[in-house]
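Before reading on, take a moment to turn the model around and to follow the chain from one end to the other. The report below is meant to be read with the structure in view.

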Amino acid sequence: MVTRTAVEATSGTREPTMHPHTTIGPRGLPTSLVIGPLRIAPPLILAPMEGVTDLPFRRLIRSIGGTGLTCTEFIPGAGLARGDDRWVKMAELDPDEHPVSIQIYGREPAVMAEAARAVQDLGADIVDINMGCPSRKVCAHSGGSALMREPARVAAIVAACRAAVDVPLTVKMRSGFDHDHRNAPELAAICESEGADAITIHWRTRADGYGGRRAVDRIAAAVDRVDIPVIGNGDVVDIASAVAMFRDTGCDGVMIGRGALADPWVFRTVSTWLSGGEPQPAPWHERAAILRRYLALCMAHFAEPRAGRRKRHDPARVSLGRFKQLARYLLADTGETRQSILRSRTIDEALAVLSAWEARQAPAAAEIGASPG
Ligand SMILES: Cc1cc2nc3c(=O)[nH]c(=O)nc-3n(C[C@H](O)[C@H](O)[C@H](O)COP(=O)(O)O)c2cc1C
């Protein structure tokens with residue numbers, strides 16, 4: 001568990017940016033930020049994650065609370081522009097899921113503009129453009145983080161999308177393509193001048209993949225460079241790391257990805273702290289219940305018949321995959337239990353392992369706030 005002392009020890013030296021529409025709360029840190037006409041409160045955002053942040057996962061996180069904004073996984077702009085069922089379904093939103101952004105990727109300004117229009121028509125509050133994805137599949141077509149090497153194209157894409165929609169437009173990028181080209185602040189300025197309403201920066205470069213040593217200086221430089229809100233991203237997992245991101249960069253909001261898989265309560269914990277409260281420790285004893293709730297959400301979602309689904313789509317198989325993905329992070333400290341769940345071939349097998357583990361935890365569960373490991 002994060003203690004007050006640990007939080008204070010991480011404090012950097014930067015003042016909050018005090019963007020005109022960023023509200024500073026009792027901890028001297030933002031409690032909300034404004035993106036275009038939208039107030040995002042708390043300023044904590046669920047990161048887009050391919051194969052993770054679909055409707056069931058977003059429903060799970062929303063049901064726990066503490067996020068100001070959720071985001072879909074990335075969706076190919078070309079697929080949305082063509083109106084392909086598969087991608088339109090991936091962009092499906094819940095009626096009460098607001099504010100929410102839909103993320104698109106691609107490199108053709110006219111196609112991205114068409115996709116942005118589709119996103120607006122689908123009811124998204126924000127169109128988010130992906131310029132940070134390191135995947136070979138996306139970069140091979142010069143989308144995602146490969147765009148960071150083409151500032152003129154970045155400008156053209158943002159300008160085309162801006163002209164196509166009225167809803168706010170945001171751009172998510174890494175700090176640069178590699179360590180010799182950490183140009184996020186320059187690109188953020190280009191995006192701002194072409195009409196973007198906020199920028200998210202993951203501190204890693206594309207070359208870092210998911211490794212590298214924490215270096216948030218490009219986020220701080222972007223905060224100094226642009227007047228629109230900047231959202232800091234990368235390795236925020238608890239109060240201390242969220243506070244460090246705010247304090248070390250002066251950013252207006254924080255985006256959390258893998259931390260939400262490892263601790264689905266992280267948004268609630270951090271938002272309570274930001275608003276001056278003393279958060280309860282994460283209820284680790286509820287982990288089995290969270291996994292079961294997520295499985296039920298997945299089964300209900302993936303069992304719905306949908307146009308555009310591949311022929312071999314099997315709801316139980318897909319749901320088991322999602323269940324294992326959450327278990328991989330959420331049960332990271334459980335050793336053989338985690339391994340057995342990851343090896344399970346059926347949902348029943350995985351649930352039996354989970355229940356046996358839960359039964360062994362029962363005495364510890366009485367001790368509210370028992371931390372993992
Ligand atoms: C499984 C996975 C899928 C991801 N998919 C996307 C994506 O679709 N779009 C995107 O912009 N970033 C994607 N990312 C990157 C995250 O949004 C985020 O920038 C990165 O994980 C760093 O944040 P974190 O340390 O809080 O996880 C993905 C990351 C992971 C782990």
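The following paragraphs go from the whole protein to its helices, then to the ligand and to some details of the backbone.

This is a predicted model, and the protein in it has 16 helices and eleven strands. Of its 373 residues, 49% count as buried. Among the contacts between residues at least 6 apart in sequence, 69% join residues that are at least 24 apart.

**A helix inside the structure**

Helix H10 covers residues 239-249, and because ten of its eleven residues are buried, it is largely enclosed by the rest of the structure. The buried residues of H10 include Ile239, Val243, Met245 and Phe246, and Ser241, Asp248 and Thr249 are also among them. After H10 comes Gly250, which has a positive phi near 75°. Most residues other than glycine have a negative phi.

**Two pairs of helices**

Two packed helices are described by the angle between their axes and the distance between the axes. The table gives these values for two pairs.

| Helix pair | Axes come within | Crossing angle |
|---|---|---|
| H13 (residues 287-303) and H14 (residues 315-330) | 9 Å | roughly 150° |
| H8 (residues 184-193) and H9 (residues 217-225) | 8 Å | roughly 35° |

The axes of H13 and H14 cross at roughly 150°, which makes H13 roughly antiparallel to H14. H13 passes H14 in a right-handed crossing, and the contact involves, among others, Ile290, Leu291, Tyr294 and Phe302 of H13 together with Val318, Phe323, Leu326 and Leu330 of H14. When the residues of this contact are sorted by class, 14 are nonpolar, one is polar and two are charged.

For the other pair, H8 likewise passes H9 in a right-handed crossing. Here Ala184, Pro185, Ala188 and Ala189 of H8 meet Arg218, Ala221, Ala222 and Arg225 of H9, and these residues divide into six nonpolar, no polar and two charged.

**The surroundings of the ligand**

Which residues come nearest to the ligand? Of the 22 residues around the ligand, they are Ala47, Met49, Phe74, Gly257 and Arg258. Strand E5 (70-76) and helix H11 (258-262) each supply at least two residues of the shell. By class, the shell around the ligand is made up of eight nonpolar, nine polar and five charged residues.

**Two cis peptide bonds**

Most peptide bonds are trans, and it is thus worth looking at the exceptions described here. Ala41 and Pro42 are joined by a cis peptide bond with an omega of about -5°, and Pro42 is found in the loop between strand E3 (38-40) and strand E4 (44-46). Another cis peptide bond joins His98 and Pro99, with omega again about -5°, and Pro99 has its place in the loop between helix H4 (85-90) and strand E6 (100-105).

Technical notes: Residues numbered from 1 in each chain as written. Predicted model: local features only at pLDDT ≥ 70, side-chain atom pairs only at ≥ 80, totals over all residues. Buried ≥ 20, exposed ≤ 12 C-beta atoms within 10 Å, placed from the backbone. Helix = DSSP H or I, 4+ residues; strand = E, 2+ residues; numbered from the N terminus. Near = placed C-beta within 6 Å. Nonpolar A, V, L, I, M, F, W, Y, C, P; charged D, E, K, R; others polar. Axes fitted to C-alpha atoms, helices over the stretch in contact; angles between N-to-C directions. Parallel < 35°, antiparallel > 145°, perpendicular 65-115°, else oblique. Left-handed = near helix turned anticlockwise from the far one by under 90°. Contact = placed C-beta atoms within 7 Å.
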